[in-house]
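Please read the following report alongside the sequence and the three-dimensional view.

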Amino acid sequence: MLTRRNLFKSVVTFGLSALAPWLDRPALSAVENVRQRCEPAGADPPTELQRHLLELEYLENLKDDLDCAEVVARFGPSLKRGPWMDADPLRRIGHCPFCGEVGLHVGPESFRCKWCEAEGSAIEFHSRVHGISHGAAAARLDALLNDGPLRGRRCENEHAARILEDAQGFYQDLLREKPEGAIARQCLAEQGVTQSTIERFRLGYAPPEPDDLLSRHLIAAGYVVPKLLQRLHVNEDGEQRMVDRYGGGNLLIPICDSEGRSWGFVKKPITSPQSSLSVGWTEDTLSVSERRLRRLIFPHPAWPEDFNRHQRLLVAETPWEVVALHNAGIENVVCLFDSATDPVRLRTLLAFGWDFACAFDAKGGRPATAFRFVERLEGEMRRLFVMEVPSRGGLLALLQSGGHQAVQDAMTQAIPFHQWMGE
Ligand SMILES: [Zn+2]
């Protein structure tokens with residue numbers, strides 16, 4: 001029988017298979033001694049499952065903050081730049097300390113030996129080189145980051161989060177009250193989006209500006225050159241200059257993690273107050289922390305309070321569907337961005353709700369998220385329900401024609417995936 005316990009274990013195993021020995025219980029309990037940032041806020045002690053999740057989050061945050069190449073160079077062999085392109089994330093090479101051959105490829109996120117198949121993150125490397133448990137290695141590396149001997153990527157990550165926070169406040173002010181934001185305000189008003197939804201999702205607007213208003217704002221706020229948030233623009237005369245990375249008349253929705261820090265935006269150009277917001281959204285995140293981005297869903301839950309928060313979660317196809325449904329009072333809806341099958345992302349999803357509904361239209365006009373994640377979660381198929389939506393316009397059309405109640409009814413009446421498949 002499928003219980004929550006073995007479900008979560010299977011999810012953990014599943015997310016883990018490619019990445020790390022996360023189920024090593026003694027290692028996890030050793031980690032607990034140094035885990036501070038992930039302590040639950042509530043007075044109640046966390047359940048065992050919540051504890052698992054917090055530990056996994058802690059380890060992944062730590063891997064985000066470590067630079068694997070720095071850990072390898074400090075505790076292992078010396079490295080030199082590999083002969084391949086910069087696009088290769090494992091771009092440095094050295095002697096493998098485990099088999100002695102030259103063929104250890106190392107990047108900021110991970111290492112891999114082409115001869116003996118040793119591979120993993122900075123934590124696995126440290127653990128193997130020193131013959132200590134995974135948890136002890138994590139604790140030691142965390143202490144080295146905190147005390148200074150390791151530089152890691154924490155400063156970069158914090159800088160990116162801080163500058164995005166400032167940018168997001170700037171875009172939000174533009175949308176709320178500045179003359180440049182009028183077109184976006186009108187567009188949202190046309191769609192019936194309320195002020196509280198705008199506040200809830202911290203929506204913003206980046207105008208189609210000739211000048212880089214954002215950079216001027218950030219420089220006034222004390223940043224030297226906000227390169228992270230600029231891109232090169234070449235005009236018709238071939239003149240080059242740096243402009244706002246998110247500029248171009250875009251409505252912006254921040255992509256945030258469980259601590260509320262933003263890592264980029266989904267954006268959609270608005271050309272008139274009547275612009276449709278149903279399609280045309282693209283994701284634009286900073287790549288400083290790829291591992292963190294893999295975990296994010298929208299909106300992202302806060303741990304541990306959102307653990308198993310929803311009995312049924314609707315998996316929408318776009319962030320805008322999520323915003324529109326929340327605006328109509330339906331809060332048990334999320335979206336998985338472009339990668340509905342990433343195991344780490346699915347782990348976040350499975351910890352957020354008990355069962356899941358995917359919208360499907362009979363003519364197949366919508367991407368069928370249900371099919372994509374059933375491929376990945378075959379064992380969990382019984383938690384998946386399918387609701388049918390109009391072929392033209394999908395969930396948003398259903399919302400428009402029948403309002404809140406029509407969507408709620410469709411979610412309630414969703415049928416189990418296996419029954420829907422005719423099994
Ligand atoms: Zn090797």
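## Basis and overall make-up

This is a predicted model, in which local features need pLDDT of at least 70 and side-chain atom pairs count only at pLDDT 80 or more, while totals for chains, interfaces and linings use all residues. Residues are numbered from 1 along each chain as its sequence is written.

The protein chain has 16 helices and 16 strands, where helices (H or I, at least four residues) and strands (E, at least two) are DSSP runs numbered from the N terminus. Of its 423 residues, 42% count as buried; a residue is buried if 20 or more other C-beta atoms lie within 10 Å of its own, exposed if 12 or fewer, and partly exposed in between, with C-beta atoms placed from the backbone. Among contacts between residues at least 6 apart in sequence, 62% join residues at least 24 apart, a contact being a pair of residues whose C-beta atoms, placed from the backbone, lie within 7 Å.

## The five-stranded sheet

Strands of a sheet pair through backbone hydrogen bonds, either parallel or antiparallel. Here two strands are taken to pair if DSSP finds at least two bridges between them. Five strands form an open sheet with mixed pairing, in the order β13-β12-β14-β15-β16, and its edge strands, each pairing on one side only, are β13 and β16 (415–416). Strand β15 (residues 384–388) is joined to β16 in the antiparallel sense over two bridges; Phe385 stands opposite Pro416 in β16, and the partner of Val386 in β16 is Ile415. Strand β14 (residues 353–360), by contrast, pairs with β15 in the parallel sense over five bridges, and Ala359 stands opposite Met387 in β15. Strand β15 is mostly covered, with four of its five residues buried.

| Strand pair | Sense | Bridges | Partner residues |
|---|---|---|---|
| β7 (230–234) and β8 (240–244) | antiparallel | five bridges | Gln230 and Asp244 |
| β10 and β11 | antiparallel | four bridges | Gly264 and Thr285 |

## Helices and a buried residue

Helix α3 (residues 48–65) and helix α6 (residues 134–147) pack at an angle of about 45°, with their axes 11 Å apart. The two helices are therefore oblique to each other, since angles under 35 degrees count as roughly parallel, over 145 as roughly antiparallel, 65 to 115 as roughly perpendicular and the rest as oblique. The contact is made by Leu59, Leu62 and Asp65 of α3 together with Ala138, Leu141, Asp142 and Leu145 of α6.

Helix α12 (residues 319–327) is mostly covered, eight of its nine residues being buried, among them Trp320, Glu321 and Asn327. The buried residues of α12 pack against α9 (195–200), β9 (250–256), β10 (262–269), β12 (310–316), β13 (333–335) and α15 (394–412). Just after α12, Gly329 takes a positive phi of about 90°.

Leu214 is found in helix α10 (residues 213–220), and Leu214 counts as buried because it has 25 C-beta neighbours inside 10 Å. Not counting residues up to four places away in sequence, Leu214 touches Ala167, Phe170, Leu229, Asp244 and Gly247. The C-alpha atoms of Leu214 and Tyr171, which are 43 residues apart along the chain, are separated by 8.2 Å.

Technical notes. Axes are lines fitted to C-alpha atoms, for helices over the stretch in contact, and angles run from 0 to 180 degrees between N-to-C directions. Two residues are in contact if their C-beta atoms, placed from the backbone, lie within 7 Å.
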